[in-house]
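Colleague: I am new to this structure and would like to go through it with you step by step. Could we begin with a term that we will need later on?

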Amino acid sequence: MTTDQQVEQLKAAGNAAFSVKQYDEAIALFTQAIALDASNAVFFSNRSAAYASLSRWQEALNDAERCIELRPDWSKGYGRKGAALQGMQRHREALEAYE
């Protein structure tokens with residue numbers, strides 16, 4: 001199996017775990033995908049969402065910011081950042097991220 005196939009399997013498994021609210025499992029799977037391909041913004045975005053679902057706001061923010069670094073033109077990263085900042089009660093910064 002190629003690395004690309006492994007990464008796609010991990011992403012699919014992570015998404016499946018997330019969809020049934022197994023957030024710790026999703027985080028573990030996305031972390032494995034990141035270990036194989038740290039240049040994929042989707043993995044950071046998805047892991048950010050999983051962290052946010054567990055109210056682990058700082059980790060969600062860290063991943064959102066990495067997502068933005070990798071793909072500054074992709075709005076999803078800014079949405080993830082806004083959600084993390086809102087969870088941290090940093091409303092003004094959250095609004096800026098959403099804008």
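Modeller: Let us begin with the term: a residue counts as buried under 20% relative accessible area, as exposed over 50%, and as partly exposed in between. Please keep in mind throughout that this is a predicted model.

Colleague: With that in hand, does Lys21 count as buried or exposed?

Modeller: Lys21 is found in the loop that lies between helix H1 (3-19) and helix H2 (23-36). Its relative accessibility is 62%, and the cut-off to pass is over 50%. Lys21 therefore counts as exposed.

Colleague: What is phi of Lys21 near, in degrees?

Modeller: Most residues other than glycine have a negative phi. Lys21 is a residue other than glycine, yet its phi is positive, with a value near 65 degrees.

Colleague: Ser55 also has a positive phi; where is the place of Ser55?

Modeller: Phi of Ser55 is near 60 degrees, and this residue, too, is not a glycine. With a relative accessible area of 46%, Ser55 is partly exposed. As for its place, Ser55 sits between helix H3 (41-53) and helix H4 (57-70), in the loop.

Colleague: How is H5 oriented relative to H6, roughly parallel or roughly antiparallel?

Modeller: The axes of helix H5 (residues 75-87) and helix H6 (residues 91-98) come within 8 Å of each other, and they cross at roughly 170 degrees. Since angles over 145 degrees count as roughly antiparallel, H5 is, relative to H6, roughly antiparallel.

Colleague: How do the residues of the contact of H5 with H6 divide into nonpolar, polar and charged?

Modeller: On the side of H5, the residues are Tyr78, Gly79, Lys81, Gly82, Ala83, Leu85 and Gln86, and in H6 they meet His91, Glu93, Ala94, Ala97 and Tyr98. Sorted by kind, the residues of this contact come to six nonpolar, four polar and two charged.

Colleague: What separates the C-alpha atoms of Arg92 and Gly82?

Modeller: Arg92 lies in helix H6, where a relative accessible area of 68% makes this residue exposed. Arg92 and Gly82 are ten residues apart along the chain, and their C-alpha atoms are separated by 9.5 Å.

Colleague: Turning to the whole protein, what is its radius of gyration?

Modeller: The secondary structure comes to six helices and zero strands, so that the elements run α-α-α-α-α-α from the N terminus on. For 99 residues the globule rule gives 13 Å, and the protein is close to this, so it is as compact as a globular protein of that length, with a radius of gyration of 13 Å.

Colleague: What share of the residues is buried?

Modeller: The accessible surface of the protein comes to about 5600 Å², and 48% of this belongs to carbon and sulfur atoms. Buried residues are those under 20% relative accessible area, and of the 99 residues in the protein they make up 36%.

Terms used:
Residues numbered from 1 in each chain as written. Predicted model: local features only at pLDDT ≥ 70, side-chain atom pairs only at ≥ 80, totals over all residues. Heavy atoms only, no water. Axes fitted to C-alpha atoms, helices over the stretch in contact; angles between N-to-C directions. Helix = DSSP H or I, 4+ residues; strand = E, 2+ residues; numbered from the N terminus. Parallel < 35°, antiparallel > 145°, perpendicular 65-115°, else oblique. Contact = heavy atoms within 4.5 Å. Nonpolar A, V, L, I, M, F, W, Y, C, P; charged D, E, K, R; others polar. Rg over C-alpha atoms; globule rule 2.2 N^0.38 Å. Buried < 20%, exposed > 50% of the residue type's maximum accessible area, 1.4 Å probe, protein only. Areas by Shrake-Rupley, 256 points an atom, 1.4 Å probe, with all protein chains shown as cover.
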